[in-house]
Amino acid sequence: KVIAKHYADVRGYEQAERYYLMANSPQEVIQMYSAAGKWDKAHKIAQQHMPKEKVVRLYVSQAQALEAGGKHRDAERMYLMVDEQDLAINMYKKAKQFDHMIRLVKRFRPDLLADTHHILAQQLESEGRLREAEKHYVESGNWKTAVQMHRAADKWEDALRVAKAHGGIAGQKQVAHAWATSLGADRGAELLSK
């Protein structure tokens with residue numbers, strides 16, 4: 001182990017690997033390669049020298065450490081190497097990196113994509129992030145909910161824009177009529193004439 005550590009310190013990774021394996025320490029080889037960003041080599045050693053359950057536990061714990069350090073891409077890679085896609089998805093959700101979260105859901109859980117967009121939209125709406133919520137409502141196929149959200153926030157221009165983009169002329173007319181009604185007779189008539 002002492003010789004292996006020396007080689008690892010001077011970046012002689014292959015020699016260090018050989019000595020760590022002679023010392024029956026595959027976990028140290030994996031940690032060395034992981035720290036050096038050589039994920040494929042680490043994974044190969046893990047598969048060759050450890051039972052699957054231990055590999056999963058080791059990778060999940062390393063991924064959680066990377067996640068805690070803000071290295072989300074590296075953590076994602078570790079989670080995916082041991083088929084823990086849901087942990088990667090949840091990591092991005094906790095970090096509010098929704099684009100990455102959606103990318104993984106689309107790739108690994110396509111049946112949950114619409115529901116994920118809808119849940120994100122509701123969360124963003126509750127946080128007052130209406131533009132982002134709108135995007136996710138539309139992606140989930142619920143453009144009418146985006147319109148309702150803007151109406152409730154008294155953002156009629158945004159409601160009209162969403163209706164025009166996704167509901168066609170009929171949707172646009174319906175929102176314009178509701179907006180005019182909310183303004184009263186004189187101002188409503190002026191709005192509708194525009």
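**Close-up 1. Helices H5 and H6 make a left-handed crossing.** Left-handed here means that the near helix is turned anticlockwise from the far one by less than a right angle. This is a predicted model, in which local features need pLDDT of at least 70 and side-chain atom pairs count only at pLDDT 80 or more, while totals for chains, interfaces and linings use all residues. Residues are numbered from 1 along each chain as its sequence is written, and side-chain values use heavy atoms, with hydrogens and water left out. Helices are DSSP runs (H or I, at least four residues), numbered from the N terminus. The axes of H5 (residues 52-68) and H6 (residues 72-81) come within 8 Å and cross at roughly 165°; axes are lines fitted to C-alpha atoms over the stretch in contact, with angles from 0 to 180 degrees between N-to-C directions. That makes H5 roughly antiparallel to H6 (an angle over 145 degrees).

**Close-up 2. Buried residues of helix H3 (residues 26-35).** Look for Pro-26, Val-29, Ile-30, Met-32, Tyr-33 and Ser-34, the buried residues of this helix (buried: under 20% relative accessible area, 1.4 Å probe, protein chains only). They pack against H1 (2-9), H2 (13-22), H4 (39-49), H5 and H6, where contact means heavy atoms within 4.5 Å. Just after H3, you will find Gly-37 with a positive phi of about 80°.

**Close-up 3. Asp-158 in helix H12 (residues 156-183).** Asp-158 counts as buried because its relative accessibility is 18%. Leaving aside residues up to four places away in sequence, Asp-158 touches Arg-131 and His-150.

Definitions and conventions
Helices (H or I, at least four residues) and strands (E, at least two) are DSSP runs, numbered from the N terminus. Angles under 35 degrees count as roughly parallel, over 145 as roughly antiparallel, 65 to 115 as roughly perpendicular and the rest as oblique. Buried means under 20% relative accessible area, exposed over 50%, partly exposed in between (1.4 Å probe, protein chains only).
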